[in-house]
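Please open the model in a viewer and keep the selection tool at hand. The stops below are meant to be followed in order.

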Amino acid sequence: MEIKLPNSDKDFIESLIPQKFPFVMVSGLLEYSENHLISEFVIKEDNIFVNENIFQASGLIEHQAQSVALHTGYKYFLLGKESPTGYIGAIKSFEAESLPKVGDQLKSEATIINEMMGVTLVEIITKIDDKVIAKSQMKTVVK
């Protein structure tokens with residue numbers, strides 16, 4: 001199966017991450033390299049993290065973590081392997097400048113800082129248009 005980026009095919013994106021509806025917080029894979037990824041996510045009204053048309057900080061953290069999972073899942077896809085299950089091991093820092101609302105399109109850039117023995121240290125910057133709304137640094141662990 002030939003896959004080209006950017007890609008926002010719902011079934012393909014969901015095949016790369018362990019989460020399933022209604023807990024999917026990524027809707028597209030825009031760019032990928034060994035140490036980098038840009039994901040997207042359009043916030044819908046029925047999202048479980050939306051309260052009074054505002055996407056909550058917990059949803060932003062989950063979107064960022066799933067962006068890391070998308071990176072891992074796509075890497076495994078390219079290797080012809082099944083995507084592993086991963087977990088947030090630790091959140092070193094998280095800062096939200098503002099919270100997005102229903103209809104906003106998030107773009108998150110994940111940069112792998114270090115990866116060793118299934119533990120990945122990653123920095124994630126989330127933007128709406130070109131405005132940074134959230135930054136984090138977290139460790140994820142592959143099962």
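Begin by selecting His 63 together with Met 25: the side chain of His 63 reaches the backbone oxygen of Met 25 at 2.7 Å, a polar contact (a pair of N or O atoms within 3.5 Å; within protein, one must be able to donate a hydrogen and the other to accept it, and residues adjacent in sequence count only if both atoms are side-chain atoms). This is a predicted model, in which local features need pLDDT of at least 70 and side-chain atom pairs count only at pLDDT 80 or more, whereas totals for chains, interfaces and linings use all residues. Residues are numbered from 1 along each chain as its sequence is written, and side-chain values use heavy atoms, with hydrogens and water left out.

His 63 has a relative accessibility of 0% and counts as buried (under 20% relative accessible area; exposed is over 50%, partly exposed in between; 1.4 Å probe, protein chains only). Beyond its neighbours within four places in sequence, His 63 is in contact with residues including Val 26, Phe 41, Leu 106 and Thr 126 (contact: heavy atoms within 4.5 Å).

Next, display the helix that holds His 63, namely H2. Helices (H or I, at least four residues) and strands (E, at least two) are DSSP runs, numbered from the N terminus. H2 covers residues 57–78 and reaches 32 Å from its first C-alpha to its last, close to the 32 Å expected at 1.5 Å a residue (1.5 Å times one less than its number of residues). Just after H2, select Gly 80, which takes a positive phi of about 80°.

Now turn to the salt bridges (a side-chain nitrogen of Lys or Arg within 4 Å of a carboxyl oxygen of Asp or Glu); the structure holds 3. Select Lys 75 and Glu 115, whose side chains meet at 3.2 Å, N to O. This pair links distant parts of the chain, with Lys 75 in helix H2 and Glu 115 in strand E6 (residues 105–116). For Lys 10 and Glu 14, the N to O distance is also given as 3.2 Å; both lie in helix H1, about one turn apart. Lys 10 is exposed at 52%, while Glu 14 is buried at 16%.

Finally, select Glu 45, in the loop between strands E2 (36–42) and E3 (50–51). Glu 45 is exposed, with a relative accessible area of 64%.
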